[in-house]
Amino acid sequence: MPIKTVYKAQVEYMQILDENGKLDEKLAKDTLTDEEVLSLYEQMTVCRQLDEVAFRLQRSGRMGTYPQNKGQEAAAAGMGFAAKKGVDWLVPCYRENLALNMHGLPYHYVLLHWMGDERGNKIPEGVYVNPIAIPIGTQMLHATGIAWAFKLRKEPRVAVTFFGDGATSEGDFHEAMNFASVMQAPVVFFCQNNQWAISVPREIQMNSETVAQKAIAYGMPTIQVDGNDLFAVYKAAKEAVERARAGGGPSFIEAVTYRLGDHTTADDARRYRDPQELEAWMGRDPILRLRKYLTGKGVWDDAKQAKLEERAKTIVQEIVKTAEGIEKPTTDDIFDFTYATLPAELERQKSTMRTSSLGQDPAQAGLRDMGTATHGHSAT
Amino acid sequence: MPRTEAMIEKGLTLVDAINEALYQELERDSRVVLLGEDVGANGGVFRVTDGLQKVFGSDRVVDTPLAESGIMGTAIGLAMAGMRPIPEIQFEGFLGPAYDQLVNHAARYRTRSRGSVTIPMTVRVPVGGGIHAPELHSDSPEAIYAHTPGLKVVMPSTPYDAKGLLLSAIRDPDPVIFFEPKRVYRSFRERVPEEDYTIPIGQAKILSEGTDLTVVTWGATTFQCLDALDKLPEDLSVELIDLRTIAPYDRDTVIQSVQKTGRCVVVHEAPKTAGMGAEIATLIQEHCFLYLKAPVQRVTGFDTVMPYYKLELDYLPDGPRIAEAIQQTAAY
């Protein structure tokens, strides 16, 4: 038998709005209205402002470690806007604050999370986002399970999960992709390929030319888009969400973007990153690009920009004020959510934590007379 | 599955009882989904889920890809979205790949989300040695999970307890690991009510009352303890406690018993150091110090790797070893 090709594959790349703010009108057709673009531009600007303020809060000791979202706002906005608020379910990692906020999670929750307060993860009723996920790649399985539940119940809903390029090295990524495809679960795998997993660049992270091609092995529609291009992200995201909602199963999107900040406030990217590379990506900033586009269209100018920046500052000040105004949780909080009903031993530990090193009622430990009586045994 | 002639005549095995509980809960609650490797068409490698897929369909009883983290992680997602998943991990040794999802996610979600995201899921896992199984098919890792806040750990030893505890586990709002001692799967039959009943998680069972010494055990070693009791002099009165739930375990029953008897032997298959026996011995010295007439003894597996099956009976606590420890403790 001659050798024959049994499978062929290719990965497409899509860009609609280029670095100079020039739009491919044909591809942009039926994507975003001017009104929507303006609204998203404003939201991205507020998100960037929050990001800068969060950085300063950490530096001044008012907040713990924080991972900046800077540079990835178009990816979060495009994906977040394509999913239906209050219907679809977002399962994030930690660099898509804007998407969470668009789906109803107040921004001060995000700050609370990084201020070391679990109440930042207490998702309000009717908001379908999961708490920020710190370990890498574990959340994609949760999204797959959520989407699978939608399918079982025949609900026209979609789960969207966010992760980075580094996460695609994790076993859970592959298990999630395989499960989602086998179950034809309505889930969108949205990879923010920001080129760096802390200090490890994409070329060392994987030997595949694109991240998007990994989906091909799982029989999943896949595309690579310019992740700093709001239009391209939105178009791909909308297609993926619609496909999932219509029963077409999971999709994969690789949004090629760049982490303009350090990994977190505990990191210093100058130790491993070429400043020229950063410089080049600064020029591809998704917010700048949109501003150029809107200015070119004649719907934006410096005066409007100044007003927006002022407004963003006020909004963010309020968010910080709200987060910092929330009092420290009570110590009971450590115990109260371990189980739906506290087991007796935990009740005991909770009620005696300040009075007994044994974490138990001293009377029960036979220590009632300690300090006054002599040792029981020798006295008799 | 509906009862066969043999079940009606002679009673149910542990396998039958678990199957019946799953059948009844699949019928009662449309949110219940079984998922795992070979649980569908094949009915599970121990046939615990036998026949269920035929009745409830492949959407409710799902053969998954061979990936334990995937099974656990997607079960977590199903639970988050309001289902009542019952993932099966084929053998306790395969909990390893699922450990991260189970311990770092399922167990923590209620706390980390302050109650807004919860994981009502029952993880079924065959456990323990004694059936001549291959490597990594015979361990007893219950202490690892008992040491994980947010999880509940159950290990019934009889068909009756298995049915009642499994129904409690499935209806529990938090994640429960339901360990099934495979050595007991088909070792005997007993009468089990056909109707729905539950046994509360966290409640031990006193198998025989006694006044001289307390034996605390759970799972398959319950039967080795019964064997040991047969070997003891008639005038030695032993109270045998089957813990049934490992976390949160029934402290009060243990404390009350040892305050009465003043002597205790703890028996488990798992390794000795940092096992549940250590925890129970500590509980006893905290609460029963002035009642004790002898040090608490442990009869356990060794701090070794679980041997292949040619030596497994040398490793597992058996009647003679347990009887000897009881007599030593009684004579102390």
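This is a predicted model: local features need pLDDT of at least 70, side-chain atom pairs count only at pLDDT 80 or more; totals for chains, interfaces and linings use all residues.
Chain B and chain A bury about 3,700 Å² between them, and the structure holds 39 salt bridges over all chains.

**How each chain is divided**

- Chain A's domain assignment gives domain 1, covering 13-325, and domain 2, covering 332-369.
- The centres of those two domains of chain A, taken over C-alpha atoms, are 43 Å apart.
- Chain B also comes in two parts: domain 1 runs over 5-184 and domain 2 over 205-331.
- For chain B, 27 Å separate the domain centres, again taken over C-alpha atoms.

**Where the two domains of chain B meet**

- Domain 1 of chain B puts 26 residues into the contact, and domain 2 of chain B puts in 25.
- Together these two domains bury about 2,100 Å², with 56% of that on carbon and sulfur atoms.
- On the domain 1 side, His132(B), Met155(B) and Arg183(B) lose the most area to domain 2 of chain B, and together they make up 25% of what that side buries.
- There are 2 salt bridges between the two domains of chain B.
- Have a look at Lys205(B) and Asp161(B), which form a salt bridge with their closest N and O atoms 2.8 Å apart.
- Three elements of chain B, namely α7 (142-146), β5 (152-154) and α8 (159-171), each supply at least two residues of the domain 1 side that touches domain 2.

**Where chain B meets chain A**

- At this interface, 46 residues of chain B are in contact with 41 residues of chain A.
- Of the area buried between the two chains, 62% is on carbon and sulfur atoms.
- The polar side of the story is 19 residue pairs in polar contact across the interface of chain B and chain A.

**Salt bridges between the chains**

- The rule finds 3 salt bridges across the interface of chain B and chain A.
- Arg114(B) forms a salt bridge with Asp333(A), and their closest N and O atoms are 3.0 Å apart.
- Glu345(A) and Arg251(B) also meet through their side chains in a salt bridge, at 3.3 Å from N to O.
- Glu345(A) sits in helix α14 (residues 344-352) of chain A while Arg251(B) sits in helix α10 of chain B, so this pair joins two chains.
- Are these two partners buried or exposed? Glu345(A) is buried, with a relative accessible area of 17%, and Arg251(B) is buried too, at 14%.
- The pair is part of a network of salt bridges that links Glu345(A), Arg348(A), Arg251(B) and Glu279(B).

**Salt bridges inside a chain**

- In chain A, Arg270(A) and Asp268(A) form a salt bridge, with the closest N and O atoms 3.0 Å apart.
- Arg270(A) counts as exposed because its relative accessibility is 73%, whereas Asp268(A) is partly exposed at 27%.
- In chain B, Arg3(B) forms a salt bridge with Glu20(B), the closest N and O atoms being 2.7 Å apart.
- Arg3(B) is in the segment before α1 (5-10) of chain B and Glu20(B) is in helix α2 (residues 14-28) of chain B, so the pair ties together parts that are 17 residues apart in sequence.
- Glu20(B) is buried, with a relative accessible area of 3%.

**A helix with a buried side: α9 of chain B**

- Which residues of helix α9 (residues 221-231) of chain B are buried? They are Thr221(B), Thr222(B), Gln224(B), Cys225(B), Ala228(B) and Leu229(B).
- These residues cover an arc of only 160° around the axis, so they lie on the same side of α9(B).
- The buried residues of α9(B) pack against β7 (205-208), β8 (213-217), β9 (238-242), β11 (264-268) and α13 (319-331) of chain B.

Terms used
Residues are numbered from 1 along each chain as its sequence is written. Chains are lettered from A and ligands numbered from 1 in the order in which they are written. Side-chain values use heavy atoms; hydrogens and water are left out. Domain bounds come from an automatic or database domain assignment. Buried means under 20% relative accessible area, exposed over 50%, partly exposed in between (1.4 Å probe, protein chains only). Helices (H or I, at least four residues) and strands (E, at least two) are DSSP runs, numbered from the N terminus. The arc is that of the directions from the helix axis to the C-beta atoms. Contact means heavy atoms within 4.5 Å. Buried area is the accessible area (1.4 Å probe) that two parts lose on being put together, summed over both. A salt bridge is a side-chain nitrogen of Lys or Arg within 4 Å of a carboxyl oxygen of Asp or Glu. A polar contact is a pair of N or O atoms within 3.5 Å; within protein, one must be able to donate a hydrogen and the other to accept it, and residues adjacent in sequence count only if both atoms are side-chain atoms.
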